[in-house]
Amino acid sequence: MEKRSTSRGRGSATSIAGGTGIGTGTGTGRGSGRWALLAALCLALPLPVPALPPPVRSLVPELRRSRALLEAARASLLSLKERGTLGFECTLEEVDLEDITKDRINTLKACTSEDPRTGNCPVLESPTFDKHKCLQGIYEDLKTYRAELSDQKVLTSIDEMMKAMQPGSPGALQPPPSAALTSFKDRMRLCGVLHAFRIRAVTIDRMMNYLSAL
């Protein structure tokens, strides 16, 4: 099951975690790192058997794209490490995560609700669960990270998933110009954003597994 430094897991999960409200300061960043770990542990809970009717259309294409998205996120971090682009080891233990989606609709806000019976774990079981809203939250996450990242493989995987989710959406866009990472602060921020994106990609993949089973 997913841990803080890895995202590989088996089976399904009741709650979906991506790390909301992640701060950028040293103190709050460390606290948000603990939240990321707590949210990841929530994924260990088993999923209930879906009781909703079959979806109008299959989500198999989106599910396949979500797995490619996760692989691209992992590969991007691995590439940074192998090339030594940042000048330091980009690990969760060394950076403050930055959630660039926290002030807008995102996967966590759209797909989960907090249940006092589960402590701080966001849960899927809710009589008001809105599948369309959940998919929209995932789509908005993709748009947000699409505008922030510049790794071509990551951008391609994002574009392909966005197109699978909304077939009428525009095709692949030109990648944003890569800003020179001249300062240590900028490189630390990139590392934090990439790790937050990888965690969110885990969340999206697990969420798509859940939705495809409804």
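The accessible surface of the protein amounts to about 11,100 Å². Carbon and sulfur atoms contribute 55% of that surface. The model is a predicted one. The protein has 214 residues, and 46% of them count as buried.

The fold contains six helices and two strands. Along the sequence, these elements follow the pattern α-α-α-β-β-α-α-α. Among contacts with a separation of 6 or more, 82% join residues 24 or more positions apart.

Helix 4 and helix 6 form a packed pair. Helix 4 covers residues 131-148, and helix 6 covers residues 184-213. The axes of helix 4 and helix 6 lie 11 Å apart, at an angle of about 155°. Helix 4 is therefore roughly antiparallel to helix 6, since angles over 145 degrees fall in that class. The crossing of the two helices is left-handed. On the side of helix 4, the contact is made by Lys 131, Cys 134, Leu 135, Ile 138, Asp 141, Leu 142, Tyr 145 and Glu 148. Helix 6 contributes Arg 189, Val 193, Ala 196, Phe 197, Arg 200, Ile 204, Met 207, Met 208 and Leu 211.

Aromatic rings were examined next. A pair of aromatic rings is described by the distance of the centres and the angle of the planes. The structure holds three aromatic pairs. One of them joins Phe 129 and Tyr 210. The ring centres of Phe 129 and Tyr 210 are 6.1 Å apart. Their planes stand at 90°, so the pair is edge-to-face. The cut-off for that class is an angle over 60 degrees. Tyr 210 is buried, because its relative accessible area of 6% is under the 20% limit.

The relative accessible area of Asp 151 is 24%, so the residue is partly exposed. Asp 151 and Ala 72 are 79 residues apart in sequence. In space, their C-alpha atoms are 9.1 Å apart.

Technical notes. Residues numbered from 1 in each chain as written. Predicted model: local features only at pLDDT ≥ 70, side-chain atom pairs only at ≥ 80, totals over all residues. Heavy atoms only, no water. Phe/Tyr/Trp six-rings, centres within 6.5 Å; stacked < 30°, edge-to-face > 60°. Helix = DSSP H or I, 4+ residues; strand = E, 2+ residues; numbered from the N terminus. Buried < 20%, exposed > 50% of the residue type's maximum accessible area, 1.4 Å probe, protein only. Contact = heavy atoms within 4.5 Å. Areas by Shrake-Rupley, 256 points an atom, 1.4 Å probe, with all protein chains shown as cover. Axes fitted to C-alpha atoms, helices over the stretch in contact; angles between N-to-C directions. Parallel < 35°, antiparallel > 145°, perpendicular 65-115°, else oblique. Left-handed = near helix turned anticlockwise from the far one by under 90°.
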